[in-house]
Amino acid sequence: MTVHINKPATGNKAKRILPVGHYRGLGAWTVFFFIFLYLPIVVLIFYSFNANRMVMNWGGFGIDWYIKAFQNDDIQKAVWNSLIVATVATVFATAIATIGALVLARGGNFRGKTVSLGLITLPLMVPEIVTAVAVLIFFSAIGMNWGLGNVIIAHITFCIPFAFMPIRARLEGMDTSLEQAARDLYASEWETFRFVTAPLLMPGIVAGSMLSFVISMDDFIITLMVGGAGSTTLPVYIYSMIRRGLTPEINAVSTVLLFFSVAIVTAYWIVSNKSQTKTVH
Amino acid sequence: MKRHLTLLSAATAMLISGSSMAAEELFIYNWTEYTPPELITKFEKETGIKVSVDTYDSNETLLAKLQAGATGYDLVVPSQNFVPILVSEGLIQKVAVHSLANYKNLEERWQKPEWDPEQEYSAPWQWGTTSFSYNSENYSGKGTSLKEFFEPSEEVRGRLSAFQTPDEVVSLANIYLGIPFCSEDAKQMKKVQDLLVGQKEFVVAYNSETMSDLLTSGEAVITNHWSGFSRLGRLTGAPIVYAYPKEGVVGWYDSLVVPTSAKNVENAKKFMNFMMDPVNMAMLTENQGYGDAVKGTAAYYSDELKSAPEINPPADLNVFFAPTCSPKAQSLIDKVWTKVMQ
Amino acid sequence: MSNWLPRSAAGRRWLGLAPSYFVIGIFMLVPMVIMGVFSFLEPNPYGGVKPIGSLDAYVKLFFEYDLEDNLVFNPGYINIIFRSFQLSLGATLLCLIFGFPVAYFITLQPANRRNFYIYLVTIPFWTNLLIRTFAWIIILGRGGVIETPLLAMGIIEDSLRMMYTDGAIAIGLTYSYLPLMVLPIYASLEKLDFRLLEAASDLYANRFEVMTKVVIPLCKPGIIAGCLLVFIPCLGAFIAPNLLGGGKKLMLGSLVQFQFASARNWPFGAALSMLLLSAVVITLIFYARAAKKRAVLEGSA
């Protein structure tokens with residue numbers, strides 16, 4: 001796993017002489033970045049405790065919207081739909097993008113490389129509404145009506161470039177000497193991939209899958225158009241509230257989702273750290 | 001290839017019909033929070049039909065979706081000017097609403113409306129008006145004329161908000177200028193364009209989502225608004241007044257219709273009939289705060305709703321319901337709007 | 001395990017690409033061909049198309065009929081497209097300036113902490129875009145999070161009027177697309193071998209040169225990927241321009257949306273997206289050509 005042997009230590013102690021590659025103000029910049037990133041989230045969570053009906057005007061503290069959200073079957077179904085779609089789409093899109101990226105970055109120059117690149121990034125280049133209408137027309141032309149299945153297929157399609165780009169960026173310019181070495185040491189092709197290439201690729205795969213997950217969780221227009229009966233997702237639910245105005249109930253649901261995500265990752269962290277220490281001893 | 005596709009679609013069709021055989025079902029497609037859950041529970045209890053509600057964001061989406069061939073919905077809720085389009089495009093079917101048992105409860109003035117002259121297609125949902133609202137603490141006017149909205153006084157400069165889509169704004173402009181709805185006369189529409197371009201100088205934001213918030217925070221003094229939505233803003237304690245200008249206001253009327261592709265037509269009709277029962281319709285109106293078209297619902301209203309100015313307009317108010325525009329008129333509206341937005 | 005894999009390089013190549021080709025070919029390319037065909041048809045008055053050939057949609061991009069029915073040049077749509085490109089470019093640059101140092105900072109962290117930071121970058125995006133944008137209205141708006149304390153301390157006397165400005169749009173767009181910039185850059189930076197930096201430094205490169213001559217060239221694929229992932233979706237963005245900018249000027253995203261919704265002119269909407277698609281593709285081809293030329297030159301040198 002550890003490929004970069006010579007990482008300089010973080011320069012917290014040596015304030016005067018920064019190691020090569022470190023820059024003054026980088027930490028401060030990052031702090032500012034995260035404040036920018038989390039300020040709206042803090043506001044959003046704060047307003048989920050708004051007693052007022054309006055999402056943006058403070059009317060006192062209350063947890064009514066949480067109670068409401070937990071009693072609202074429609075909103076819960078929408079949340080589950082979103083999570084199912086995003087998870088399935090991310091798994092498929094990342095897998096497809098990974099092998100695609102491996103071929104395109106490692107396969108040398110071959111006829112059709114540029115075309116293949118163009119095809120994989122095509123979903124990125126078309127305005128969402130156009131994709132939405134076009135895919136809906138196509139689905140109804142072939143008589144495909146799988147409810148949530150339609151949404152999942154559409155999401156896999158447009159998530160591929162989002163997963164592909166970071167993975168390919170990762171592969172680009174990465175030298176193949178480690179893999180060659182593994183092959184020279186009689187590792188099978190699969191072993192080489194499993195123990196050398198995949199770990200090298202991991203940061204790209206993590207970045208790509210996270211991107212496709214959030215992109216899928218947030219998609220509205222394509223889901224709205226392509227979805228059949230019973231496939232309302234959270235974004236579709238939220239955007240369709242305009243007739244009555246958004247309420248802090250949405251903030252409450254978002255807050256629960258945030259905590260849910262934090263909980264999963266914390267749990268994962270604890271488990272993986274434990275297993276790591278075990279293998280070390 | 002083609003045979004595969006037919007096989008595939010046949011398999012899916014069997015899958016779908018198979019699942020609908022299992023239990024009585026009804027698929028409603030409506031705006032979010034436009035279908036109160038307690039109403040659905042009551043209907044499910046009374047009939048044993050399992051109801052599933054999906055949501056969309058606009059009439060345009062509904063039309064585009066049905067037009068592109070979306071299926072699986074038994075009831076959809078378009079506004080009045082979309083009903084004739086759905087009929088002429090063959091997207092909704094006749095269900096003889098006039099022959100349903102509770103049809104007699106429908107108020108006379110809403111029976112056989114011009115958008116459904118034989119009442120073959122549509123059953124009532126909610127109706128309301130579009131006008132403008134103002135914050136009475138920051139504004140000295142009284143909301144008596146559309147002039148206050150289109151050619152506002154100095155105190156509104158930079159603090160006016162209009163809707164983000166053209167239809168209702170242009171309709172209000174038509175009322176103000178005395179030009180018929182859906183005008184095909186380019187010269188008349190030029191006047192509308194000039195009015196809207198002039199108004200734009202005062203506009204802080206084109207917005208169809210957060211009107212009440214704009215008024216409360218003081219970001220805007222006057223905003224385009226819907227009657228029931230304005231009431232919700234007022235109920236949070238903000239000094240929001242919904243204006244009834246002397247020239248008149250735009251009306252809209254949403255109704256239940258059955259798409260041609262519906263699988264559970266009988267259940268859809270049961271639901272239509274259910275909604276024309278005053279007890280049930282009153283539940284909806286209480287929840288939504290717009291108006292309804294069923295006799296005897298007022299008896300079930302809460303006192304607050306009975307006295308709400310937003311749903312009890314003055315008796316002499318002119319309410320104009322926008323008809324379906326011809327393609328030529330529609331393209332003029334689009335031209336005007338694109339010009340205003342440049 | 002891998003016996004079933006084809007032996008030849010070409011065979012493997014196509015096997016690896018097959019899933020992408022299958023999914024995108026069927027569910028994206030075919031629908032886009034349908035759209036391309038639609039752009040050459042007549043609009044059906046109430047949405048959809050009539051099976052009658054017509055070039056009107058493309059004519060409409062550049063010309064209009066005036067009140068006397070004369071065909072005159074109309075720069076309106078071109079302006080909208082131009083404006084959207086400008087805005088996207090601005091947002092992309094902001095994301096790059098803001099995001100690059102952070103991606104670099106994350107790379108400097110110990111390996112076991114890097115994923116944690118990456119995760120920290122994506123958490124906010126588990127919430128819905130509309131809600132996040134509303135939060136920005138609360139922050140920037142009249143009597144909002146920024147203004148209230150300043151007013152209370154007497155630093156300002158009247159509203160700063162930060163909402164409904166181009167600045168507000170820029171903040172909203174930058175915010176919406178930041179992870180799309182940070183993650184790809186991180187993915188390509190992470191493999192950076194710091195010995196190279198030390199070598200450069202030993203050869204008397206100063207800090208600035210280490211950055212511009214070593215780090216940036218090495219993570220260029222990531223920067224390019226990030227810029228594309230921000231720039232292209234930005235072209236179609238409509239939430240930030242509408243809610244934070246007040247929607248006073250049409251953007252490409254809203255314009256295309258408008259054609260499929262209110263205006264019900266599908267062919268024109270399709271033609272607009274074909275124009276957008278070809279503009280993006282042409283730019284990319286030129287870029288690829290230039291990159292290839294440079295690679296050849298460097299290779300021969």
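Visitor: How many residues do chain B and chain A bring to the contact between them?

Guide: In this predicted model, chain B contributes 36 residues and chain A contributes 32.

Visitor: Which elements supply the side of chain B that touches chain A?

Guide: Two or more residues each come from helix H1 (2-22), strand E1 (25-31), strand E2 (50-56), helix H3 (59-67), helix H8 (211-217) and helix H9 (227-235) of chain B. E2(B) gives the most to this side, with five residues.

Visitor: How do the residues of that side of chain B divide by class?

Guide: The side of chain B that touches chain A has 14 nonpolar, 16 polar and six charged residues.

Visitor: Turning to chain B as a whole, how many helices and strands does it have?

Guide: Chain B has 13 helices and 10 strands. Its radius of gyration is 22 Å, close to the 20 Å that the globule rule gives for 342 residues, so chain B is as compact as a globular protein of that length. Along its principal axes, the C-alpha trace of chain B spans about 65 × 55 × 35 Å.

Visitor: What share of the residues in chain B is buried?

Guide: Buried residues account for 52% of the 342 residues in chain B. Of the contacts in chain B with a separation of 6 or more, 75% join residues 24 or more positions apart.

Visitor: At what angle do helix H4 and helix H7 of chain C pack?

Guide: Helix H4 (residues 111-122) and helix H7 (residues 166-189) of chain C pack at about 160°, and their axes are 10 Å apart. Angles over 145 degrees count as roughly antiparallel, and H4(C) and H7(C) are therefore roughly antiparallel to each other. Their crossing is left-handed.

Visitor: Which residues meet where H4(C) and H7(C) pack?

Guide: Ile118(C), Val121(C) and Thr122(C) in H4(C) meet Pro179(C), Val182(C), Leu183(C) and Tyr186(C) in H7(C). By class, this contact has six nonpolar residues, one polar and no charged.

How values were computed. Residues are numbered from 1 along each chain as its sequence is written. Chains are lettered from A and ligands numbered from 1 in the order in which they are written. This is a predicted model: local features need pLDDT of at least 70, side-chain atom pairs count only at pLDDT 80 or more; totals for chains, interfaces and linings use all residues. Two residues are in contact if their C-beta atoms, placed from the backbone, lie within 7 Å. Helices (H or I, at least four residues) and strands (E, at least two) are DSSP runs, numbered from the N terminus. Ala, Val, Leu, Ile, Met, Phe, Trp, Tyr, Cys and Pro count as nonpolar, Asp, Glu, Lys and Arg as charged, and the others, Gly among them, as polar. The radius of gyration is taken over C-alpha atoms; the globule rule is 2.2 Å times the number of residues to the power 0.38. A residue is buried if 20 or more other C-beta atoms lie within 10 Å of its own, exposed if 12 or fewer, and partly exposed in between; C-beta atoms are placed from the backbone. Axes are lines fitted to C-alpha atoms, for helices over the stretch in contact, and angles run from 0 to 180 degrees between N-to-C directions. Angles under 35 degrees count as roughly parallel, over 145 as roughly antiparallel, 65 to 115 as roughly perpendicular and the rest as oblique. A crossing is left-handed if the near helix is turned anticlockwise from the far one by less than a right angle, and right-handed if clockwise.
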